[in-house]
Amino acid sequence: MSKYALVNCNLLDGCNWKVKPSMTILTEDGKIKKIGNTADIKDLSGYKTIDLNGKYVMPGLINAHIHLPLSGKGSKATSSGKSQDRLLKLLDTGMGHAVLMSMMKKNISAQLNSGVTTCRSMGDLFFQDIVLRDKVKKGEIQGPRLLVAGPIVTPTGGHGMALGVIADGPWEVRKVVRKNIHEQVDVIKIANTGGVTDARKVGEAGRPTMTYEEVAAACEEAHKAGLMVASHAEGTEGVRTALKAGVDTIEHGAVLDDEMIELFLNNPNSLRGYSSLIPTLYPAVTIANLDPSITYMNEINIKNSILVYEGMIQGIKKAIDKGVKVGMGTDASMSFVTHYNTWIELDYLVKFAGLSPEQALSNATRVNAEILGIDDETGTLEEGKSSDLIVLNENPLDNIKTLSKVSMVMAGDNFISKPKIKTISEVDKAIDSINFQEA
Ligand SMILES: [Zn+2]
């Protein structure tokens, strides 16, 4: 039984972004019991009272696109090739699994301690994300709520073979999707275009790699089980195929035209009648701007990254303008994308895609909850919802960087009064060095 009274806060409940001063939030067993003016809520008996002294409280962040295994420190393993193959062989052993699990635990702890109270794992090697999700749910380890995809469904030569299971043709796709559903994933992840890290030619990152029939087969199987399909898609034609076949979330994104916008808004083959976009600017900006000797990326990776970045920016702007639901993800584990730096993506959405801070914060909380189908539980601070919240020293609408050092975090029943983050100094230094004018 945990009962907390957070008194004297400036509340941003995330339903809108107007500051409500002098507020009190009562939580009980991981849920918000009551929200009201501090002056009106006098009986705090039985509650552990925390005086926030005018600090700001907002909903915990939702990071809709992460990978759990790596820290985000630049590594050869994130580029494709022989070193990756060797590493994968080593990891697929009892010892390898144990090492991976301990890294994954550290990474979700970094997410939580930096204010992320829900994460979606978008591709995992050995279904370990399922184990981790269940341990968090049972309270055996402290972490954010996890929604997990298990291994990516990808074709021969497709993106993410290292984090996925290869399936060619609709029947193989159905089989792999069925297996993932049987293992109890929350979402199906497919890769229907190439990607920046494994493209071998400029332009190949966005090349369509799955047929309409293959994507439709994945959607049909997932939707029958009530699950959504998320597709890695970094090229216009790949995004179009994905939307036509019924994909529910387009991950990363590309240049969008009017036909695609119409499909986002009204998608008869999707699970809920519409599809959404989860852009990930962070890795595109860092790969395009940082010295390849530290990111372990080559010239082809960099050129592809620039192409993907430009497409994503046009896509985000057009989608927002036309009322498509746009969420937020970082692709943590990628080179220089850490698990404690989620705020960078919000910063980039404002700087490069022209979103207002309010819109960026909404996308990372309420809108992401709607996109992931968990808005009855989280995403806004309302009575009855999960007590997923962060305490900030400043108003994030005035200074989004205040999200880089959250003062306290509550994720359901987990309360962290002094969040601890182990930073990776070479990553932080490199990110600071990026000349934003050129990005
Ligand atoms: Zn990813």
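Start by selecting Arg-145 and Asp-388 in this predicted model, where the two side chains form a salt bridge whose closest N and O atoms are 2.9 Å apart. Now colour the chain by its division into domain 1 (3-59 + 387-416) and domain 2 (61-372); the count between these two domains is 1 salt bridge, together with 2 residue pairs in polar contact. On the side of domain 1 that touches domain 2, strands E5 (56-59), E15 (388-392), E16 (408-411) and E17 (414-416) each supply at least two residues.

Next, display the whole interface, across which domain 1 and domain 2 bury about 1700 Å² between them, with 69% of that area on carbon and sulfur atoms. Highlight Trp-17, Ile-400 and Ile-416, which supply 32% of the area that domain 1 buries against domain 2, more than any other three residues. The C-alpha centres of the two domains lie 31 Å apart, and the contact takes 21 residues from domain 1 and 20 residues from domain 2.

Then move to the zinc ion, which is coordinated at 2.1 to 2.2 Å by NE2 of His-65, NE2 of His-67 and an OD atom of Asp-331. His-65 lies in strand E6 (residues 61-66), whereas Asp-331 sits in the loop between helix H10 (299-322) and helix H11 (342-353), so the pair ties together parts that are 266 residues apart in sequence. His-65 is buried, with a relative accessible area of 0%, and Asp-331 also counts as buried, at 6%.

Finally, select Glu-426 in helix H13 (residues 425-433), which is partly exposed at a relative accessible area of 41%. Beyond its neighbours up to four places away in sequence, Glu-426 touches Lys-73 and Phe-336.

Key: Residues are numbered from 1 along each chain as its sequence is written. This is a predicted model: local features need pLDDT of at least 70, side-chain atom pairs count only at pLDDT 80 or more; totals for chains, interfaces and linings use all residues. Side-chain values use heavy atoms; hydrogens and water are left out. Helices (H or I, at least four residues) and strands (E, at least two) are DSSP runs, numbered from the N terminus. Buried means under 20% relative accessible area, exposed over 50%, partly exposed in between (1.4 Å probe, protein chains only). Contact means heavy atoms within 4.5 Å. Donors are N, O and S atoms within 2.8 Å of the metal (3.2 Å for Na, K and Ca); water is not among the atoms, so sites may look incomplete. Domain bounds come from an automatic or database domain assignment. Buried area is the accessible area (1.4 Å probe) that two parts lose on being put together, summed over both. A salt bridge is a side-chain nitrogen of Lys or Arg within 4 Å of a carboxyl oxygen of Asp or Glu. A polar contact is a pair of N or O atoms within 3.5 Å; within protein, one must be able to donate a hydrogen and the other to accept it, and residues adjacent in sequence count only if both atoms are side-chain atoms.
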